[in-house]
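Hello,

Here is the structure we discussed, with sequence and coordinates together. My notes follow below it.

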Amino acid sequence: MKFFIDTANLNEIKEAHGLGVLDGVTTNPSLMAKEGIKGADNIRAHYKAICQIVDNNVSAEVIATDYDNILKEGRELAKIDDKIVVKVPMIKDGVKAIKRFSSDGIRTNCTLVFSPGQAILAAKAGASYVSPFIGRLDDIAQDGLELISQLRVIYDNYNFKTEILAASIRHTIHLIKCAEIGADVATCPLKVITDLLNHPLTDAGLAKFLADHKKVNG
Ligand code: G3P
């Protein structure tokens with residue numbers, strides 16, 4: 001399972017990369033705004049800075065919502081670095097643009113996916129990744145993890161090459177369940193990744209090991 005970090009914060013990306021387990025980064029316009037990144041030049045520079053930290057897979061989202069401008073913006077984003085994956089919303093013009101990007105060899109991440117039907121369209125259009133939002137489905141009392149299970153079955157039925165990128169992950173249970181189901185990728189905040197480290201028996205066991213060592217060695 002690949003781990004992506006869902007943030008535009010450079011320090012968090014560096015920290016996750018430093019752990020040695022990071023496979024990529026996902027951003028979105030809200031995450032970029034949270035970091036105060038504004039203006040085309042600054043946005044480009046920020047994506048470039050992210051690409052300099054990680055080895056691959058930096059999702060950069062288009063703002064345009066019509067076919068021609070999604071293509072124009074996506075091509076500009078793709079030119080920033082080979083690591084860029086153009087993130088495109090699940091709308092009619094987005095699906096058309098994903099198909100075109102796919103034909104042109106530009107990798108895409110189809111975002112804001114909330115149903116199996118949307119995910120089938122993304123796969124048929126040739127998206128490299130599909131991003132079902134688990135947490136936001138849970139927020140409206142639907143089962144986000146059930147969607148991941150459905151997509152795994154559907155994609156395997158037809159050997160779709162699109163990778164299931166579980167997004168809107170809020171806690172470690174989401175992440176672990178996604179791994180059990182077989183999501184290809186999980187993107188989550190830094191805290192969810194570092195929370196995977198924690199177990200009270202690890203802390204207690206280490207304290208005892210060190211105390212026993214100290215008794216004998218001083
Ligand atoms: O980047 C997309 C997704 O992961 C957003 O998550 O927590 O804002 O629903 P969240």
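A polar contact here is a pair of N or O atoms within 3.5 Å; inside the protein, one of the two must be able to donate a hydrogen and the other to accept it, and residues adjacent in sequence count only if both atoms are side-chain atoms. Please keep in mind that this is a predicted model.

Lysine 83

Lysine 83 sits in the loop that runs between helix H4 (67–80) and strand E4 (84–89). Leaving aside residues up to four places away in sequence, lysine 83 touches Cys51, Val54, Asp55, Asn56, Asn57, Val58 and Arg107. Glutamine 150 is 67 residues from lysine 83 along the chain, and the C-alpha atoms of the two are separated by 29 Å.

The ligand

Which residues are around the ligand? They are Asp6, Asn28, Lys87, Phe133, Arg136, Ala167, Ser168 and Arg170. By class, this shell divides into 2 nonpolar, 2 polar and 4 charged residues. The ligand taken alone exposes 310 Å², of which the protein buries 82%.

Serine 168

Serine 168, one of the residues around the ligand, belongs to the loop between strand E7 and helix H9 (172–181). Is serine 168 buried or exposed? Its relative accessible area is 10%, so serine 168 counts as buried; the cut-off for buried is under 20%. A polar atom of the serine 168 side chain lies 3.2 Å from the backbone nitrogen of arginine 136, and arginine 136 is also listed around the ligand. Residues up to four places away in sequence again set aside, serine 168 touches Phe133, Ile134, Gly135, Arg136, His174 and Thr187.

In helix H6 (residues 116–125), the buried residues are Ala119, Ala122, Ala123 and Ala125. Viewed down the axis of H6, the buried residues fall within an arc of 165°, and therefore line one face of the helix. What do they pack against? The partners are helix H5 (92–104), strand E5, strand E6 (129–132) and helix H8. After H6 comes glycine 126, with a positive phi near 95°.

Helix H1 (residues 10–19) has a side-chain contact at its start: a side-chain oxygen of asparagine 9 comes within 3.0 Å of the backbone nitrogen of asparagine 11. Just after H1, glycine 20 has a positive phi of about 85°.

Leucine 112, not a glycine, has a positive phi of about 65°. Leucine 112 is placed in strand E5 (residues 108–113), and because its relative accessibility is 33%, it counts as partly exposed. Asparagine 159 also has a positive phi, near 55°, and is likewise a residue other than glycine. Asparagine 159 is in the loop between helix H8 (144–158) and strand E7 (163–166); with a relative accessibility of 54%, asparagine 159 counts as exposed.

Regards

Definitions and conventions
Residues are numbered from 1 along each chain as its sequence is written. This is a predicted model: local features need pLDDT of at least 70, side-chain atom pairs count only at pLDDT 80 or more; totals for chains, interfaces and linings use all residues. Side-chain values use heavy atoms; hydrogens and water are left out. A residue is near a molecule or strand if one of its heavy atoms lies within 4 Å of it. Accessible areas come from the Shrake-Rupley method with a 1.4 Å probe; for residues, only the protein chains shown count as cover. Ala, Val, Leu, Ile, Met, Phe, Trp, Tyr, Cys and Pro count as nonpolar, Asp, Glu, Lys and Arg as charged, and the others, Gly among them, as polar. Helices (H or I, at least four residues) and strands (E, at least two) are DSSP runs, numbered from the N terminus. Buried means under 20% relative accessible area, exposed over 50%, partly exposed in between (1.4 Å probe, protein chains only). The arc is that of the directions from the helix axis to the C-beta atoms. Contact means heavy atoms within 4.5 Å.
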